[in-house]
Amino acid sequence: MRIVHITAEFAPLAKSGGLGDVLVGLCRELTLQGKEVEVIMPKYDFISPHLLAHLRQEIDFTAPEWEHKIANTMWSAEVEDCHLHLLEMRHPKNYFHRGRIYGFEDDVPRFIYFARAILEYLKISSKPIDILHLHDWHAAALAPLLREIYREIPVKAIVLSIHNLEYQGQCSVHDLAAIGLQKEQITHLQTGSHYNLLKGAIHYADAIAAVSPTYAQEILTPEYGFGLDETLRKHKNKLTGILNGIDMKLWDPSSDPALAAHYSASNPIPKILAAKKTNKKRLNLKNDDAPWFGAITRLVPQKGPKLLEAALKEVIHQNGVFVLLGSSPIPEIQHHFEALKKTYADHPQVLLHLDYDETLAHQLYAALDFLIVPSHFEPCGLTQLIAMHYGTVPIVRSTGGLKDTVFDCDDPRAPKEKRNGFVFSEPKPEPLIAAIHRALKNHQTNPAAHQLLIKNGMLTDFSWKKPAKEYLALYAQVTRK
Ligand code: ADP
């Protein structure tokens, strides 16, 4: 079975959030299980060459945009046990040579050109594909292009993964005409006077996977559907939820090169706690037995930035330590947190690191006692999974994948060995603060109970083994038809 993934991110080459983690984790596991897996991603200018093994030029070809023929080169490389094709597009607007993945006004033209160029490449290579697996809106234009224009490319089935429904690729008839899609070929993308890439992919896909079972249900409702709930309800029979895993090689507290002290689930609790304490030391904050709370997140409304601010104030009021690693693509939010950073400059219990820093993220997962994830919605969420794997207890809002993976310490319905954190329902400061108080009380007055949460989290299998099997079952189902 030949499986080709199309993605904008693949960690550690290009990552802005969970998508990059998911691609490397899923593709590594499928490859290790003996499947023929390939990944196609733009050859961004910022990719570190030392991460690419056996880099070689595969083929030069052109792909049209309007009447222009643009030169492209497909490269191939081995990265983290996976086979990658990196598409270099010599577009006059330097579409993929801008130092970062997204956040440009012309993101839609950039990624739909990427889609068209991939199909030109696949047409030339003409090797049959069983599964074309599209990830989020960046890859969505491949679906109508394939089924309306490139019908001769032998693709048995299209699978669409929805990692975050908020981002859909809104576009105009003009954008789509640039890559050759005519009005009569885009009716399934139409939403009122606009067009929507994700809507098109939902229509053309043979199967749709949301990244957790709860999110697969939530997106059918107007509250979480971001205007596509009706379309999703129409295609409900194709929709399933498969919970993400984490990549056990990139996230391994027993060998993580970023850590000052290593530990694993099989260590006794005193060793785990001692290692966590050592990992706290290099951060130069109050480092007695005060509990450390923190968050590692994009600072966007989805993630509850106001709730994080409320948590910061409460945690330091309770004499704890609060660490935030995060940055925002939204200038007002970034400026707001920069002002907060000034307010708390030199505060021995506060660290606000308002940037993207992969190494610091690893160090924090190992140093923190509690990770706060107060999301308004959360398709799966990886930070709570990584936190638990690193012995850090999550405090989360009950939504999406957070609901599927975190079980409250005091929930009598959850078996004792599954209880691994603290959960609150309403995305408001009071319930979050109540959950922080429960976590603090447990930590201070009942160490055995706190340690059980650590162990339960660390002993849970968050690897890609089970989700990869579920994806394989889905692939088998759609290619059988
Ligand atoms: P999302 O994909 O919505 O951003 P996830 O929880 O699925 O959220 O994945 C977030 C990933 O991005 C995790 O690997 C997390 O460690 C990482 N991350 C988020 N913000 C930062 C940051 N500022 N610096 C380093 N890593 C970050």
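Axes here are lines fitted to C-alpha atoms, for helices over the stretch in contact, and angles run from 0 to 180 degrees between N-to-C directions. Helices (H or I, at least four residues) and strands (E, at least two) are DSSP runs, numbered from the N terminus. This is a predicted model, in which local features need pLDDT of at least 70 and side-chain atom pairs count only at pLDDT 80 or more, while totals for chains, interfaces and linings use all residues. Residues are numbered from 1 along each chain as its sequence is written, and side-chain values use heavy atoms, with hydrogens and water left out.

## Two helix pairs

Two packed helices are described by the angle between their axes and the distance between the axes. Let us start with helix α10 (residues 305-317) and helix α15 (residues 429-445), whose axes come within 10 Å and cross at roughly 40°. That makes α10 oblique to α15. For the angle classes, under 35 degrees counts as roughly parallel, over 145 as roughly antiparallel, 65 to 115 as roughly perpendicular and the rest as oblique. The crossing of α10 and α15 is right-handed, a term used if the near helix is turned clockwise from the far one by less than a right angle. On the α10 side, Leu307, Ala310, Ala311, Glu314 and Val315 meet Pro429, Leu432, Ile433, Ile436 and His437 of α15; contact means heavy atoms within 4.5 Å.

How do the axes of α9 and α16 cross? Helix α9 (residues 269-281) and helix α16 (residues 447-459) have axes that come within 11 Å and cross at roughly 90°. The two helices are therefore roughly perpendicular to each other. Ile269, Ile272 and Leu273 of α9 make the contact with Gln451, Ile454, Lys455 and Met458 of α16.

## Domains and the core

Domain bounds come from an automatic or database domain assignment. For the protein chain, this assignment gives domain 1 (2-245 + 465-480) and domain 2 (269-459). Their C-alpha centres lie 32 Å apart, and 20 residues of domain 1 are in contact with 17 residues of domain 2.

In soluble globular proteins, nonpolar side chains tend to be buried together. A nonpolar core is a set of buried Ala, Val, Leu, Ile, Met, Phe, Trp, Tyr and Cys residues joined through side-chain atoms within 4.5 Å. Buried means under 20% relative accessible area, exposed over 50%, and partly exposed in between (1.4 Å probe, protein chains only).

Which residues touch the most other members of the largest nonpolar core? Of its 171 residues, they are Ile6, Phe10, Leu197 and Ile395. Helix α2 (residues 107-125) gives the most to this core, with 11 residues. Both domain 1 and domain 2 supply at least three residues each to this core. Beyond four places away in sequence, the contacts of Leu197 include Val108, Ile112, Trp137, Ala140 and Leu189.

## Residues worth a look

Most residues other than glycine have a negative phi, and most peptide bonds are trans. Here are some departures from that pattern. The peptide bond from Ala11 to Pro12 is cis, with omega near 0°, and Pro12 lies in the loop between β1 (2-6) and α1 (18-32). Glu80 has a positive phi of about 50° although it is not a glycine, and Asp81 likewise has a positive phi, of about 70°. Glu80 is found in the loop between β4 (68-79) and β5 (82-89), and Asp81 lies in the loop between β4 and β5 as well.

The table gathers accessibility for several residues.

| Residue | Relative accessible area | Class |
|---|---|---|
| Leu13 | 4% | buried |
| Lys238 | 15% | buried |
| His83 | 23% | partly exposed |
| Glu80 | 26% | partly exposed |
| Asp81 | 36% | partly exposed |

Leu13 lies in the loop between β1 and α1. Leaving aside neighbours within four places in sequence, Leu13 is in contact with residues including Met41, Phe46, Ile47, Val79 and Leu86.

Where does Lys238 lie? Lys238 is in the loop between α8 (229-234) and β12 (239-241). Apart from residues up to four places away in sequence, Lys238 touches Ile202, His203, Tyr204, Ala205, Asp206, Ala207 and Ile208.

His83 lies in strand β5. With residues up to four places away in sequence not counted, His83 touches Val37, Glu38, Val39, Ser76, Ala77 and Glu78. His83 and Val393 are 310 residues apart in sequence and 35 Å apart in space, C-alpha to C-alpha.
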